[in-house]
Amino acid sequence: MPLDPNALAALIRARRTNMQVDREREVPHELVQQLCELAQWAPNHKRTWPWRFCLVTTGRDQLGEVIARAMEAHGDDPGKIAKARTKYLRTPATLIVGSAAGDSPLRTAENRDATAAGIQNLLLGATAHGLATYWGSCPKGANDVVAELAGFEPDTTVVALIYLGWPIDEMAVPERPPVGLYRL
Ligand SMILES: Cc1cc2nc3c(=O)[nH]c(=O)nc-3n(C[C@H](O)[C@H](O)[C@H](O)COP(=O)(O)O)c2cc1C
């Protein structure tokens, strides 16, 4: 399918990590479903389809609470724990993305690679729809409680907590260093 390479490059460069969003404006479930379908088109060794998704909207409080409790159990800093309780309320939706374990450490790593590639598809799709996205890591010690809350299988790695919303502000562009490309 012909696609203007400049348009694709512009989309890739336009994707920004941004959580300056309208907290009151809902992100339609159907749109998130479409974005998750884009993730499925990532390359995936052994076609294991490892990505797992859970869209959190009304449960954002609960997400913050289980993470805060896990951080407490982990002896985390009280300031960070207090922030964790409310941080998922900053955007109207958070998409939890997990990656299923494989049948060997290598396959588990490859599954995670495929899931990360799928996340990039999803973020670019979101950018094309005008959505702001922010890929956050799962806080230390919280993987298993988040995976359980999301309904993922045991041993699933939570690869991203993606904040989603409609932007109200633009973010500065972190420029990239010159690319290194060696030749043999
Ligand atoms: C695996 C991964 C985890 C990330 N986790 C966080 C995070 O926990 N907190 C955060 O502020 N940014 C996080 N980011 C986003 C990066 O900080 C961001 O991509 C980087 O600053 C470049 O900005 P840009 O995405 O707008 O180009 C994460 C990105 C990736 C790929």
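## A walk from the sheet to its helices

In this predicted model, Phe53 stands opposite Val97, a residue of strand β2. The two strands brought together here are β1 and β2, the latter spanning residues 93-99, and they pair in the antiparallel sense over 6 bridges.

We can now turn to the helices and to how they pack on one another. Two packed helices are described by the angle between their axes and the distance between the axes.

The axes of α2 and helix α5, the latter formed by residues 105-128, come within 7 Å and cross at roughly 140°. Since angles over 145 degrees count as roughly antiparallel, this value makes α2 oblique to α5. The crossing in which α2 passes α5 is right-handed. On the α2 side the contact is made by Leu35, Cys36, Leu38 and Ala39, and on the α5 side by Gly118, Ile119, Asn121, Leu122, Gly125 and Ala126. Sorted by class, the contact of α2 with α5 has 7 nonpolar and 3 polar residues, and no charged residues.

Helix α5 also meets helix α1 (residues 5-14), and these two pack at an angle of about 100°, with their axes 9 Å apart. That angle makes α1 roughly perpendicular to α5. Here Leu11, Ile12 and Ala14 of α1 come into contact with Leu124, Thr127 and Ala128 of α5, and the residues of this contact of α1 with α5 divide into 5 nonpolar, 1 polar and no charged.

Another pair is formed by helix α3, residues 60-73, and helix α4, residues 78-87, which pack at an angle of about 165° with their axes 7 Å apart. The helices α3 and α4 are therefore roughly antiparallel to each other, and their crossing is right-handed. In this contact, Gly64, Glu65, Ile67, Ala68, Met71 and Glu72 of α3 meet Lys80, Ile81, Ala84, Arg85, Thr86 and Lys87 of α4. By class, the contact of α3 with α4 has 5 nonpolar, 2 polar and 5 charged residues; in the contact of α2 with α5, by contrast, there are no charged residues.

The last stop is the ligand. The residues around the ligand are Arg16, Thr17, Trp135, Gly136, Ser137 and Pro174. This shell divides into 2 nonpolar, 3 polar and 1 charged.

Conventions. Residues numbered from 1 in each chain as written. Predicted model: local features only at pLDDT ≥ 70, side-chain atom pairs only at ≥ 80, totals over all residues. Pairing = 2+ DSSP bridges. Helix = DSSP H or I, 4+ residues; strand = E, 2+ residues; numbered from the N terminus. Axes fitted to C-alpha atoms, helices over the stretch in contact; angles between N-to-C directions. Parallel < 35°, antiparallel > 145°, perpendicular 65-115°, else oblique. Left-handed = near helix turned anticlockwise from the far one by under 90°. Contact = placed C-beta atoms within 7 Å. Nonpolar A, V, L, I, M, F, W, Y, C, P; charged D, E, K, R; others polar. Near = placed C-beta within 6 Å.
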